[in-house]
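This report describes one protein chain, from its overall build down to single residues. Please look at the sequence and the 3D structure before reading on.

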Amino acid sequence: MSLCLAGMGWVTPLGRGIDTVWGRLLRGDQATAETISDPVSNKTYNAFKVPIDALKDVSPHPRLRRASAISRFAVAAGLDAITQARSTIDEIEPDRMALVFAVSNGGVVYTKRFYHDLVESGAQSVSPLLFPETVFNAPASHLAAILGIAGASYTLVGDGAVGLLAIKMAADLLENDALDACLVVGAEEADWLLCDAYHKWRLLKKEPPIELFHDAPRGMILSEGAGAVLLAREGTVRVDAIDAGGNFSRRAAANEIVRKILHQLADKNACVVASANGTFVDLAERAAIEKEMPGAVVYSPKCALGESVGASAIWQTIVAAEALSTKQLPKIPQVDSGDMPWKRAIVLSCGLNQQAAVLRLSI
């Protein structure tokens, strides 16, 4: 079955909108880190936050009145993807569209607020309106309601590779002729509580810059936002293949599983959009790329956007699609389209919690 990216949208620390963010990445812009803290501790962390004005033109909706940040990010990216798709394919009927939402950490801000209010003021003071925003499928629920999707709606929870697994699930859903399209959205929000957890796992760096493929990994910086792709049977960028990959039980085993999945889809005419983020992931991916695709052009958007976990693989997919469409990659000298060395793009994703997957796009 032919499967294509019919529309895309993203909300990032560099702003919102495919053309806007892509232009900034090509210019070499990097997100500015913000210091975040918490009343329960004197520790502070750096994170890449979505600019306040990125969501200013999102149409008001009753579902978003008290929605968490992660839900607002997801809705904005999803609506943008559908808007872009309307210039490519016919009108999309909500009852013939499915939704797959990818997430890793969920609505951390509301979860923490719910807990703090309960501890400080007692059970009778905590609003029950907060509770729905603490569950993983809250953003999918908001987005499905706003779009009028009454059919299939799924939420996948995983690590940084979950976005590719969500695209694989969408491809499987579209084997059903009753569906014309599937919207895949990955989103995340950054909070002190989340930073503290990753710090305890020895994965964070104190401050920018994020140094990729460093022989002694120096750590990552968390970020927030959302990415969305609308999969359909029409579109300019094609999904050639998806390998849902596998799992590794130890960090040392990541090298082998990443090499194994890359081997399946490796292409000498492809560039690689990696998930390198300043951690052990970088070394696993570098070893695999050197073995399976020596000499390939490699780029990771996480040096500029940070590690968005649940949204990261969707961001990588958007970067790969834009690289194919514009014949450019950030930090690569701009040359004439006819001289570009690649015809395909590999999206390689290795998560921090034992998942790995790969996707190949072509144009």
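## Residue classes

Ala, Val, Leu, Ile, Met, Phe, Trp, Tyr, Cys and Pro are counted here as nonpolar, while Asp, Glu, Lys and Arg are counted as charged. The others, Gly among them, are counted as polar. The model itself is predicted.

## Overall build

The protein has 10 helices and 13 strands. Its radius of gyration is 19 Å, close to the 21 Å that the globule rule gives for 363 residues, so the protein is as compact as a globular protein of that length. Along the principal axes, the C-alpha atoms fill a box of roughly 65 × 50 × 35 Å.

## The largest pocket

Rolling a probe the size of a water molecule over the atoms shows where empty space is left. The largest pocket has a volume of about 240 Å³, and 13 residues line it. Nearest its centre lie S104, D159, Y198, W201 and N353.

Which helix gives the largest share of the lining of the largest pocket? Helix α6 (residues 192-200) does, with three residues. Sorted by class, the lining of this pocket holds seven nonpolar, five polar and one charged residues.

## Helix α10 and its partners

Two packed helices are described by the angle between their axes and the distance between the axes. Helix α1 (residues 18-26) and helix α10 (residues 312-326) have axes that come within 11 Å and cross at roughly 80°. Angles of 65 to 115 degrees count as roughly perpendicular, and α1 and α10 are therefore roughly perpendicular to each other. From α1, the residues I18, W22 and L25 meet I318, V319, E322, A323 and T326 of α10. This contact of α1 with α10 has six nonpolar, one polar and one charged residues.

Helix α10 also packs with helix α5 (residues 162-173), at an angle of about 70° and with the axes 6 Å apart. Helices α5 and α10 are therefore roughly perpendicular to each other as well. Here G163, L164 and I167 in α5 meet A313, I314 and T317 in α10. By class, the contact of α5 with α10 divides into four nonpolar, two polar and no charged residues.

## Two backbone details

Where does a cis peptide bond occur? A cis bond joins P208 and P209, with omega at about 5°. P209 is placed in the loop between α6 and β8 (225-232).

The other detail concerns V309, which has a positive phi of about 55° although V309 is not a glycine. V309 sits in the loop between α9 (302-305) and α10.

Notes. Residues are numbered from 1 along each chain as its sequence is written. This is a predicted model: local features need pLDDT of at least 70, side-chain atom pairs count only at pLDDT 80 or more; totals for chains, interfaces and linings use all residues. Side-chain values use heavy atoms; hydrogens and water are left out. On a 1 Å grid over the protein atoms alone, a cavity is a set of points where a 1.4 Å probe fits but cannot get out, and a pocket is an open set with protein on both sides within 12 Å along at least five of seven lines; lining residues have an atom within 4 Å of a point. Grid points are joined across faces, edges and corners, and a volume is the space filled by probe spheres set on the points. Helices (H or I, at least four residues) and strands (E, at least two) are DSSP runs, numbered from the N terminus. Axes are lines fitted to C-alpha atoms, for helices over the stretch in contact, and angles run from 0 to 180 degrees between N-to-C directions. Angles under 35 degrees count as roughly parallel, over 145 as roughly antiparallel, 65 to 115 as roughly perpendicular and the rest as oblique. Contact means heavy atoms within 4.5 Å. The radius of gyration is taken over C-alpha atoms; the globule rule is 2.2 Å times the number of residues to the power 0.38.
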